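User: Could you take a close look at the pockets in this one for me, and at whatever surrounds the ligand? I'd like one connected walk-through.

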Amino acid sequence: MAGNRTFTMIKPDAVRNGHIGAILNKICEGGFRIVAMKYTKLTAEKAGAFYAVHKERPFYQELVDFMSSGPIVAAVLEKDNAVEDFRKLIGATNPAEAEAGTIRALYATSIGENAVHGADSDENALIEGSFHFSQTEMF
Ligand code: ADP
């Protein structure tokens with residue numbers, strides 16, 4: 001059965017470009033409830049740990065540098081079928097391939113600087129949410 005929580009980050013490019021408000025609006029209009037949220041900045045060490053699954057990929061260092069280059073918004077979101085529905089709302093990794101109206105089609109600038117993160121499984125949503133929030137910070 002699909003879980004009802006996912007984890008997202010509004011990435012440094014979207015924060016720098018002034019899109020926090022518009023992206024949160026899309027998230028709320030999409031029917032997601034905010035369970036936890038914080039405005040924060042990842043150290044290179046934390047960004048490296050968060051994306052450890054991509055360690056062997058050629059873009060890993062670029063990704064770590066980018067994700068620690070400025071503040072982000074991290075959030076846990078709730079909705080039926082949250083992980084899949086949120087991936088639909090954000091669109092493909094490469095904004096050039098993202099469906100019109102999706103968050104990445106609207107606000108991402110490149111495959112690397114693609115405005116938002118969305119967990120890709122219920123298991124990862126739980127791990128990633130716990131990486132940023134304790135149980136007492138989730139409401
Ligand atoms: P998604 O975020 O859509 O789940 P991936 O898990 O494949 O995508 O990649 C994680 C993140 O790594 C992407 O969101 C993007 O920021 C970055 N990334 C992926 N592919 C590339 C690439 N070819 N070049 C640079 N950065 C990339």
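Analyst: The lining of the second largest pocket splits into four nonpolar, six polar and three charged residues. Keep in mind that this is a predicted model. The space in this second largest pocket comes to about 160 Å³, and 13 residues line it, with Arg-5, Val-76, Asp-122, Ala-125 and Leu-126 closest to its centre. As for elements, β1 (5–10) and α7 each put at least two residues into that lining. The largest share belongs to α7, which supplies six residues.

Now for the largest pocket, where α7 turns up again. The volume here is about 710 Å³. Its lining takes in 26 residues, and the ones nearest the centre are Tyr-51, His-54, Phe-59, Leu-63 and His-117. Two or more lining residues come from each of α3 (44–50), α4 (60–67), β4 (116–118) and α7 (122–132). Around the ligand you'll find Lys-11, His-54, Phe-59, Glu-62, Leu-63, Arg-87, Thr-93, Arg-104, Ile-111, Gly-112 and Asn-114. Three names in that shell, His-54, Phe-59 and Leu-63, are also listed among the residues nearest the pocket's centre. Sorted by type, the shell has three nonpolar, four polar and four charged residues.

Which side chains put a polar atom by an oxygen atom of the ligand, and at what distance? For Asn-114, an N or O atom of the side chain is 2.9 Å from a ligand oxygen. Arg-104 has a polar side-chain atom 3.1 Å from an oxygen atom of the ligand. With His-54, the distance from a polar side-chain atom to a ligand oxygen is 3.2 Å.

Terms used. Residues numbered from 1 in each chain as written. Predicted model: local features only at pLDDT ≥ 70, side-chain atom pairs only at ≥ 80, totals over all residues. Heavy atoms only, no water. 1 Å grid on protein atoms, 1.4 Å probe; cavity = no way out; pocket = protein on both sides within 12 Å on 5 of 7 lines; lining within 4 Å. Points joined across faces, edges and corners; volume = space filled by probe spheres on them. Helix = DSSP H or I, 4+ residues; strand = E, 2+ residues; numbered from the N terminus. Nonpolar A, V, L, I, M, F, W, Y, C, P; charged D, E, K, R; others polar. Near = heavy atom within 4 Å. Polar contact = N/O pair within 3.5 Å; in protein donor to acceptor, adjacent residues only side chain to side chain.
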